[in-house]
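Hi,

Here is the structure I promised to pass on. Have a look at it first, and my notes follow below.

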Amino acid sequence: MSEFGDFRTKPRSATASNIEETILEIPGGRTERASSVLHPPNHASHHDTHGSTRKLSNPFNWRFRKHRKSQDFSTTSLAVAQKNNTVSVARPVYNQHQFDSGFARREQEEFDFKGKMKKCFTCDCSKTCWKDFLYKFFPFVTIMGNYSLSDDLTGDIVAGLTVGIMNIPQGMAYALLASMPPIYGLYVSFFPPLVYFFLGGSRHISVGTFAVVSLMVGSAVEGQLDACKTAYLTTSADDNFINDTMDMFNDNSSSTNDTSTPNEKAAEDTCKIWIATSLTLLVGLCQIMMGILKLGFVTIYLADPLISGFTTGAACHVFTSQVKFVLGIKVQRHNGAFKLIYTYIDLFTHIAEINWAELITAATCIICLVLVKECINDRCKSKMKMPVPIDLIVVVLGTVISFAGNFSGNFGVSTLGEIPRGFPAPTAPALSNVSLGGLMPNVFTISVISFAVSVSMSKIFAKKHNYEIDSDQELLAHGFSNVFGSFFLCFTACASLSRSAVQDNQGGKSQVASLLSCVLILIVMTAIGPYFRDLPNSVLAAIILVALKGMFRQFQELKRLWYISYYDFSIWLVTWLAVVILDVDLGLGVGVVFGLLTVVFRTQYPNTTILARVPHTDLYKDKGIYPTVQEVPSIKIFRIDASLYYANVEHFRKKLYKLTEVNPRTIKLERAKLEAKVAKEVKTQKKAENLRKRRAAKVQGDEENEQALSLDLVGAESETVDIIPAMKREGWPKPGIHHIIIDCSMMSYVDSVGVNMLRSVYQEYKDVDIEVFLVNCKVAVRDMFEKCSFYEKVSKENIYLTIHDGVIAALLQKREILEEVNRDTKIVSRPSSVYSGSDRNVANLMMNRRPSQPLSTGLFKPRGSLIPNLPPQGEDSEMAEDAMNEHAEDSVNGEVSKGNIKSNSNGNILQVSEANGEQK
């Protein structure tokens, strides 16, 4: 490998190439050949990896000249020697106006909202357009087109059977969370995945029941149940619909020892179906509408700490909802805020009514599930083709033992009851029988949460397996899945975290695995389902509690977040507390609002700092972080680490006054007080003197002198004006700086209030003889300046390209400061005749720095100078080239003497001369 690295033309830093000659295009159309200063030893020729000589482009019109010393970079425009690890850059000092004019800035196109919307909702209806639409709307065509039976089918079969076995107990268990009979969980595991197979873009997620979404559906069902049941009992309902749906509840009601009358039980169960299916239909329609409007980005407002805290809080609700089945205690149903607290109060009130048979059954199942999952499936998963289906085994054994021991009759254990066989008849959701206004908050919450969970899992697997996911298409896929499922008595479906992970780990390649899982569910619904009538509810509760283990492990994130970010920690904790104390939907709203408030707070009170110069470089760093940096005398460089808008303009102003240690309002107030005091004293003294003279004139009887003295009193105020300049030279309050440079590099945008604040700050400092420069302004910020007429008060010459440009321009305006920085920089200014314009505040920057060396070693000594080098025109071109050649010759002799400043090679200024005369 060569001792010199690659060469890239950048204005501030670069790497060096093994080049002897470079073709440069000089402004004016002529071409000259320049020799590089880098000559690596023992290399006769220098080629790139393809064997061709590397050429350098020169977009910034930098000049390359041959050096008389092998390590002297004083006249080289851009070079980097990897051996010495130094950077040498030479370029003009640009303000923003010069840079835009010299490099032909292209105006940005205005955002055409009307055109964007027209493009989204219009089509030329060509064959290609329809083809693209169909491929996008039905991703399975592309997926199955690339499907390999030999490579993919085996993994899909294993994954599908494994996930199907998991779906049977989980579907029945999560139906209890949704306040629905177990068979409805199997419906959710069958119908929505069929639609997602055709419309979904993810190849690895398992769509069906999910604990958090099931809990949210159950919360919505219970919240609207009382009002719906009252309306049902007072009005006539559709008898055919009731007869078709109530057969599946009758036997279950007797097995759970419910004391309610048959009519009340029928009303409650019917209303649950109405509410759940109506909610699912509305959720699907909401997701379809969001997909049409391209609102797939809404999930970005659900940060990872917020999702983690929300799911952990929801897991607490899931846990609480299953405790009553584990203990066999019947408690009152609570809804709304603080329902978790009221539920535990009821549990402890009825703690003496524990059904020990159900507690022992649940404890035995939990022990078996934990032992097999932790000790066998997790530890031996690399040696097994599929995990032990312990959930299904527990369900089967629990059903057999309960049937053999007659647990329902002998011990009062609540069981699932009768499970219907076959498919439910397609039925439209009874929207007219439920309160749509009461469901709408739940509709939006469930739509966003279910989609956020699903698309997050989809993107994880897409990244892992190298394919793309369209969030808007996923919204459509899940929306149509829920709409289709609502006609078959399904509640809201979502991607399952645990089953999706198992499907991927078992080698699933596509949604063919979901189809095989649906086949297994179909067998249970049509043949095996009725045999689970004696399965204790405590067994399903045990399965749910063990499945919550992963969610409760998210508490471990608190320690990590504490060390990473206090804001993320607070978002997690506030969301979790809100969900636990209030409710699932209210807690989510609180978490989202709190998360947005943290963003507002960070932008309203952003970090501000004073920047100082790294010795011998053009780098400017935070003075509070790097103690070795040095402030440029009489110049303050201020930076705010946020965009400037209406919420933080006052914070910006206060911090600017504080950190620069110059409050223009205080200075103007002191000056006004001093002027008033001086005027008063002058007037008093003049008045007393005139009075004395009038008395003397009166004694002498000189009336003409008396009248003259009266008029002289009127001129006392005019004399005050003559005293003020002398006072300014002596005791006039003066700031300790002459320039303030505001670094706008962190401002991605500025609103109209921010522009007004910058204009106000500029004028206030100008009134106290302090010039304000703005540097590193982005295009959006400068465009806002134009729109707000900012340049009517502030000259465009005050906007500079970089911090160092602004510093050099400020120093050139205050020549007396140059002696204080001559150890770091040599500045040579020239008359304006060298340039094609009248700007005198222009210089060239040349310096070497070795970033790998510590500052204390003294290796950052300057080896270059700042030479005026704007692109000249006409006769000025020859003058500029002659001046630079003379400078190169003098630098070899150890002394640089050009223009107005003369300095030696050590960087010490020997002589400063003005245009109108010599000053030594």
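Which residues does Asn 377 touch, not counting residues up to four places away in sequence? They are Val 372, Met 384, Pro 387 and Val 388, where contact means heavy atoms within 4.5 Å.

Before going on, a word on the source: this is a predicted model, in which local features need pLDDT of at least 70 and side-chain atom pairs count only at pLDDT 80 or more, while totals for chains, interfaces and linings use all residues. Residues are numbered from 1 along each chain as its sequence is written, and side-chain values use heavy atoms, with hydrogens and water left out.

Asn 377 belongs to helix 12 (residues 356–377); helices are DSSP runs of H or I, at least four residues, numbered from the N terminus. Asn 377 is buried, at 9% relative accessible area (buried means under 20%, with a 1.4 Å probe and protein chains only). A polar atom of its side chain lies 3.0 Å from the backbone nitrogen of Val 388.

Now the nonpolar cores, which are sets of buried Ala, Val, Leu, Ile, Met, Phe, Trp, Tyr and Cys residues joined through side-chain atoms within 4.5 Å. The largest has 113 residues, and Phe 491 and Leu 540 have the most contacts inside it. Helix 9 gives the most to this core, 13 residues. Another core, of 33 residues, lies apart from it and includes Leu 644 and Phe 790.

Helix 9 (residues 262–292) also holds Lys 265, which is buried at 14% relative accessible area. The C-alpha atoms of Lys 265 and Lys 229 are separated by 9.6 Å.

Best wishes

How values were computed: Helix = DSSP H or I, 4+ residues; strand = E, 2+ residues; numbered from the N terminus. Buried < 20%, exposed > 50% of the residue type's maximum accessible area, 1.4 Å probe, protein only. Polar contact = N/O pair within 3.5 Å; in protein donor to acceptor, adjacent residues only side chain to side chain.
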